[in-house]
Structures are given as C-alpha cells and as structure tokens.
Amino acid sequence: MFISCKHALVLVVWPTLLCVTACRHGDSAPTTAPVPINDAAANDHSLGPDAPLRLSKSEWGQLKSQPCGGNEFLSYELTISVTGTVESARLLPYTGSCNFTSDSPEPPLVVMAHINEANALIREQRFLPWVIKGRPVRTLLQWELPIAPPERIGPHRSIPNPIDGDSFSIRLERHGCEGRCPAYSITIAGDGTVTYDGHAFVKVLGTQQTHISRAAAVQLFERFLEADFASALPSYIGAYDGGDSVLKLKVNGKSLQVVDASGLRVGMPTAILNLEQAVDDAAQSRRWIDGE
C-alpha cells in the first residue's frame, strides 16, 4: 500500500493493528530490508527518552480494573533507520496481562483515547545505529511504550546555594534484580572525577576511575536542578521488581536521595527517572558495563 503525504502523520487502522507512518513529499522507502534485532540488543542500543504515556488518576484506575489488571505498556514493531531514528511504527495486538494466545482484544478504550499521543511518543525513541560488516543498517525490533499513572512529587524544596564546583557529588547505584541486571555504582564529583565500582553482571568488576570536564559535571548537576530533584519523594516502591536504583546528590554538606524500585508504575516523575540515564551517559559507563 502506497501512502503519499507532505510533512504529515498518517494513521492506517486495521482490525487489530494500527500503523504509523511519517513521510515527506517525494521520499521513497529504502529498498534494503531491515535486519531483525532481539530484545537484549535493542535495549543495549536504546538512547531514550524514557517518556511513558501518562494517564490521569481515574484513567489509571480504569486500566487496573481491566481483566488481569490490564497491560501497563503498548507493544510496537519499529523500523529503525541507519541513523537510529524511528522510520515507521506498527502497534502490535494487545495481549493483556493474561497473555492471550488468540482473539487478542483491542487496547482498552481508556488507552485508545490517547493513541495519537502514544504514537507521537514512540516516534521520539532514538537508538545507537546498528553497524554490520562496517556498514550502517536498518533494523526491525519490538519496543514497549510504558503506560503510567500521574507523577507523584512532594512539597517543593530548593537545593542549597551558592554552589561551587567542589561542593557537590552525584551518585547512581544500581542494585540488580532477580535476573541478570547489572549491579554497579557511579560517583561523579564536582571537579569531574568519575569513580565506577562494578559488582555483578558487568563486563568490568571492581573499581575504575576516570575524569570528565568540570563543565560536564556542572551540566549534569544542572539537570538535577531542572528536574526539581529535591522535591521528589524519597522512594518510589511498589510490587514490581525491575531492579532497584538509587540516586544520591550531596551538595554543600546536605544529602538528598531517591530510591527507584518500581519507577514509572508508582508515579515516579519522568524527569527524575531520566537522571539515572544522564549519570550513566556523563560517565560513559557502558564501557565498563558491557564493554562498549
């Protein structure tokens, strides 16, 4: 089926599928078939953003009242371009938490009411490009867009000022999970000193130390200010075990901490969750975690 459009988003709805395509006038589809990618490789290449489809409190209650509790995600089949952007997206049949094997229902109406927003969010995903035999390739993968309740945050609190480059440190601890989740810690001091300590399921065990620029450390600290880290709840804990992470900020002798045990599922703000990846990115921790 050929779709012609100019700077438009076109939705094509089939009985159990919803396809999302974006194109420009005169563009033609690449002729090289995309290479299928497994879930682990897709996760390793993900650059985010971790932005869920947020429902209102009443809508979240409606979703959880669905048979088996309803899915907390929408599954898509994505075609990823050679530059790592989403070339096309196809909403896969909704399975529900019961893992239906046939006659899969459509997503609940409370979710379908936000489907345009969900399609826009999935198209914002970015990935490290895949290179095979020295050449970048298009890829095909499955990706889940989380569905989450409203964000929960405490009373507004400010971070102490004034700040100087030697008065703060940022620490990320990942404590692993019931599976093979990487367990390690990253500490970034205000002067740019980076200390990594690998515990389990990582490429490099033990302590490593390197440096980033002082400016990069300050820029990371500013991300914490922008995210209103001081006003977050001290913990976001629920029944889901996705692996505990802890973010710590020490500034001018004061310590702030946020525990992420269930994250988005219990209202953790997206901006706070994204700080975890920001610390990993600033430290370039992938070199120790998976050897990249």
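Strand S17 (245-251) is mostly covered, with five of its seven residues buried (buried being under 20% relative accessible area, exposed over 50% and partly exposed in between, with a 1.4 Å probe and protein chains only). Strands here are DSSP E runs of at least two residues and helices are H or I runs of at least four, numbered from the N terminus. This is a predicted model, in which local features need pLDDT of at least 70 and side-chain atom pairs count only at pLDDT 80 or more, while totals for chains, interfaces and linings use all residues. Residues are numbered from 1 along each chain as its sequence is written, and side-chain values use heavy atoms, with hydrogens and water left out.

On one side, S17 runs antiparallel to S12 through seven bridges, and Ser169 has Lys250 as its bridge partner in S17. Strands count as paired if DSSP finds at least two bridges between them. Seven bridges also tie S17 to S18 (residues 254-260), again antiparallel, with Leu249 standing opposite Leu256 in S18.

Zooming out, the open sheet has seven strands in the order S15-S14-S13-S12-S17-S18-S16, with mixed pairing. S15 (206-211) and S16 (235-236) sit at the edges with a single partner strand each, so one side of each has no neighbour in the sheet. The partner of S15 is S14 (residues 193-200), joined to S15 by six bridges and antiparallel; Gly198 has Gly206 as its bridge partner in S15.

Technical notes. Contact means heavy atoms within 4.5 Å. Axes are lines fitted to C-alpha atoms, for helices over the stretch in contact, and angles run from 0 to 180 degrees between N-to-C directions.
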